[in-house]
Amino acid sequence: MNRSMALVAVAALSLTVISCGLLERFTGGPEMKKVDTLWNDVPKMDDMTSSEIEMPIGTKLLLRTIIGNLGRFNKEGEDRTTGDIDWLSFTSPKPPNEIQEFYTNQRMSEFGGWETSKESTCVSGSEKGVSGAFCVFQKKADGKKAGLVVIAAQDEKTSGTNLFFVRIETDDAAPKK
């Protein structure tokens, strides 16, 4: 009986190690590094407090999958790397819709030179029955391309909002040969 249990434990451990490798391959393998401060080209809302909360694993996996595979869409000979991915978290007593109203194309363009768009680059989760918001911004500056994702998710325990900022930055160089 003990030998059977040991074999099951070894098999489970082996599967875990293998699946972690497959998961890393599936998600493109980018490292997402948590940073300490908001970037100087991103405005900070009043009442936002830096937080040590971790990004939900489902959100992190989804972002890693999307971001990790973006380079694969580049043509042969072009840079197919992911770039640098940084993230940080905040909390706010304000609801997600107020956060969405703060992070507008106009404010982001005026404050940090992010590209403008005639349409909002934010989506409200309330249309899908979820209390949250998701905003995306991009820009090119100083030889770099940058993308920013702002995720606002209602914290049901505190009735406040958890905010996650994810930034990807790559060199805006000529195609590699």
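Colleague: Are Lys139 and Asp41 buried or exposed?
Modeller: The model is a predicted one, and the answer rests on its computed accessible areas. A residue counts as buried if its relative accessible area is under 20%. By that criterion Lys139 and Asp41 are both buried.

Colleague: How many residues apart in sequence are the parts that Lys139 and Asp41 tie together?
Modeller: Lys139 and Asp41 form a salt bridge, in which the closest N and O atoms are 2.6 Å apart. Lys139 belongs to strand S5, while Asp41 lies in the loop between S1 and S2, so the pair ties together parts whose separation in sequence is 98 residues.

Colleague: In which strand does Arg167, another salt-bridge partner of Asp41, lie?
Modeller: Arg167 forms a salt bridge with Asp41, with 2.7 Å between the closest N and O atoms. Arg167 and Asp41 are both buried. The pair ties together parts 126 residues apart in sequence, because Asp41 is in the loop between S1 and S2 and Arg167 is in strand S7.

Colleague: Which residue forms a salt bridge with Glu52?
Modeller: The structure holds six salt bridges, and one of them involves Glu52. The pair links distant parts of the chain, 18 residues apart: Glu52 is in the loop between strand S2 and helix H2, and its partner is in strand S1. The closest N and O atoms are 3.9 Å apart, and the partner is Lys34.

Colleague: Why does Lys34 count as partly exposed?
Modeller: Residues over 50% relative accessible area are exposed, those under 20% are buried, and those in between are partly exposed. Glu52 counts as exposed because its relative accessibility is 67%. Lys34 counts as partly exposed because its relative accessibility is 25%.

Colleague: What kind of pair do the rings of Trp87 and Phe164 form?
Modeller: The structure holds four aromatic pairs, among them Trp87 and Phe164. Planes under 30 degrees apart count as stacked, those over 60 as edge-to-face and the rest as tilted. The ring centres of Trp87 and Phe164 are 6.5 Å apart and the planes are at 45 degrees, so the pair is tilted.

Colleague: How many residues apart in sequence are the parts tied together by Trp87 and Phe164?
Modeller: Both Trp87 and Phe164 are buried. Trp87 lies in strand S3 and Phe164 in strand S7, so their pair ties together parts with a sequence separation of 77 residues.

Colleague: What kind of pair do the rings of Phe102 and Tyr103 form?
Modeller: Phe102 counts as buried because its relative accessibility is 17%, and Tyr103 is buried at 0%. Their ring centres are 4.8 Å apart and their planes are at 80 degrees, so the pair is edge-to-face.

Colleague: Against which strands do the buried residues of H4 pack?
Modeller: In helix H4, residues 105-112, the buried residues are Asn105, Met108 and Gly112. They lie on the same side of H4 because they cover an arc of only 80 degrees around the axis. On the other side of H4, Gln106 and Glu110 are exposed. The buried residues pack against strands S5 and S6.

Colleague: How many helices and strands does the secondary structure of the protein come to?
Modeller: From the N terminus on, the elements run α-β-β-α-β-α-α-β-β-β-β. The total is four helices and seven strands.

How values were computed: Residues numbered from 1 in each chain as written. Predicted model: local features only at pLDDT ≥ 70, side-chain atom pairs only at ≥ 80, totals over all residues. Heavy atoms only, no water. Buried < 20%, exposed > 50% of the residue type's maximum accessible area, 1.4 Å probe, protein only. Helix = DSSP H or I, 4+ residues; strand = E, 2+ residues; numbered from the N terminus. Arc of directions from axis to C-beta. Contact = heavy atoms within 4.5 Å. Phe/Tyr/Trp six-rings, centres within 6.5 Å; stacked < 30°, edge-to-face > 60°. Salt bridge = Lys/Arg side-chain N within 4 Å of Asp/Glu carboxyl O.
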